[in-house]
Amino acid sequence: MSGNDASKLRELSESPAGRLLWRYSLPAVVGMLVMSLYNIIDRIFIGQGVGPEAIAGLAITFPVMNLSAALGVLIGAGGSARLSILLGAKNYDDARRTLCSSLILLMAIVCCYLCCFAIFIDEILIAFGASEVTLPYAREFMLYILPGMFMTNFAFTFNNFMRASGYPVKAMLTMLIGAGCNLVLAPIFIFYLKLGIKGAAIATDISMMISAFFVLSHFFSRKSTLHFSGSREMYRLKAKIVLPVLYIGAAPSVVNAAACFINVIINKSLYFHGGDMAVAAAGIFTSYTSMMTMVVVGI
């Protein structure tokens with residue numbers, strides 16, 4: 001471990017808690033706000049370029065995205081918290097095992113849920129509140145966003161690991177890069193290339209791929225405090241490594257999953273009492289409230 005790496009870990013163990021809270025929570029808050037900006041950017045440009053029905057269709061996909069995030073949080077929150085504990089105990093070998101095992105766990109979980117989403121996409125969207133009008137928009141967006149959801153989970157999960165291992169500012173920058181790309185690409189794909197709602201999905205896919213590239217490249221670099229190992233043995237899933245990650249990540253994952261199903265109930269109730277435009281209006285409001293929530297999550 002280099003002197004710079006040792007200095008970062010020593011800072012985490014010896015610096016005053018208040019100073020660390022400020023230094024680490026501020027970039028985390030910015031990163032979480034950037035995460036919510038993806039939804040806001042998509043809604044702004046889709047509303048202007050496609051129409052209110054497309055906004056309603058996008059609102060139907062929000063619970064699906066929440067469910068995806070809940071599964072990602074299981075590894076992201078659990079793994080990064082476990083990583084912090086191991087680094088504090090100076091157990092660097094198990095910390096590296098946790099990082100490598102989390103990669104395998106995340107790949108397995110993401111592949112499973114993406115296959116389910118792809119096979120049962122119409123059934124899921126209808127169950128989540130899609131109508132005859134909004135289903136085509138929701139389906140088109142989901143079919144194009146599915147590859148990007150793979151990258152999204154990798155970007156946000158290992159962004160947490162990056163922050164936990166002593167790189168809060170770098171973690172924030174990786175999210176800012178992706179959001180900046182989405183801000184530039186979304187209007188190009190929606191208005192200039194006239195791809196409509198699928199253009200917004202493609203722009204998000206490319207942006208998340210760029211964020212994921214920067215995040216993962218950090219852990220492939222030997223200069224990082226922790227990095228992916230070249231030894232296959234490090235990637236073997238062992239109970240003493242995997243179970244603590246799942247135990248810690250279970251609570252925030254269940255909370256995210258609960259939010260998903262609450263959103264489903266709201267969408268169904270709004271459609272019953274106010275139709276598709278009520279669902280669209282609630283989708284816009286949800287984007288706003290998610291920004292407020294992300295501040296708390298970041299801290």
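**Notes on a predicted model**

1. The side chains of Arg97 and Glu233 meet in a salt bridge, with 2.8 Å from N to O. Please keep in mind throughout that the model is a predicted one, and that this distance, 2.8 Å, is accordingly a computed value for Arg97 and Glu233. Arg97 belongs to helix H4 (residues 92-119), while Glu233 sits in the loop between helix H8 (196-220) and H9, so the pair ties together parts that are 136 residues apart in sequence. In total, the count of salt bridges comes to five.

2. Turning to the helices, two packed helices are described by the angle between their axes and by the distance between those axes. For H3 and helix H6 (residues 135-164), the axes come within 8 Å and cross at roughly 20 degrees. Because angles under 35 degrees count as roughly parallel, H3 is described as roughly parallel to H6. The crossing of these two helices, H3 and H6, is right-handed, and the residues of their contact comprise 17 nonpolar, eleven polar and one charged.

3. H3 also packs with H9, here at an angle of about 160 degrees and with the axes 7 Å apart. Since angles over 145 degrees count as roughly antiparallel, H3 and H9 are therefore roughly antiparallel to each other. Their crossing is right-handed, and the contact of H3 with H9 is made up of 23 nonpolar, eight polar and two charged residues.

4. How do H6 and helix H7 (residues 168-192) pack, and at what angle? The angle between H6 and H7 is about 160 degrees, and their axes lie 8 Å apart, which makes H6 roughly antiparallel to H7. H6 passes H7 in a right-handed crossing.

5. Rolling a probe the size of a water molecule over the atoms shows where empty space is left. With a threshold of 30 Å³ or more, the count comes to one cavity, and the largest cavity holds about 40 Å³ of space.

6. Which residues line the largest cavity? The lining consists of Arg43, Ala59, Phe62, Asn263, Asn267, Ala282, Gly283 and Thr286. By class, this lining of the largest cavity has three nonpolar, four polar and one charged residues. Helix H3 (52-88), helix H9 (239-274) and helix H10 (276-298) each supply at least two residues of the lining, and the largest share, three residues, comes from H10.

Terms used:
Residues are numbered from 1 along each chain as its sequence is written. This is a predicted model: local features need pLDDT of at least 70, side-chain atom pairs count only at pLDDT 80 or more; totals for chains, interfaces and linings use all residues. Side-chain values use heavy atoms; hydrogens and water are left out. On a 1 Å grid over the protein atoms alone, a cavity is a set of points where a 1.4 Å probe fits but cannot get out, and a pocket is an open set with protein on both sides within 12 Å along at least five of seven lines; lining residues have an atom within 4 Å of a point. Grid points are joined across faces, edges and corners, and a volume is the space filled by probe spheres set on the points. Helices (H or I, at least four residues) and strands (E, at least two) are DSSP runs, numbered from the N terminus. Ala, Val, Leu, Ile, Met, Phe, Trp, Tyr, Cys and Pro count as nonpolar, Asp, Glu, Lys and Arg as charged, and the others, Gly among them, as polar. Axes are lines fitted to C-alpha atoms, for helices over the stretch in contact, and angles run from 0 to 180 degrees between N-to-C directions. Angles under 35 degrees count as roughly parallel, over 145 as roughly antiparallel, 65 to 115 as roughly perpendicular and the rest as oblique. A crossing is left-handed if the near helix is turned anticlockwise from the far one by less than a right angle, and right-handed if clockwise. A salt bridge is a side-chain nitrogen of Lys or Arg within 4 Å of a carboxyl oxygen of Asp or Glu.
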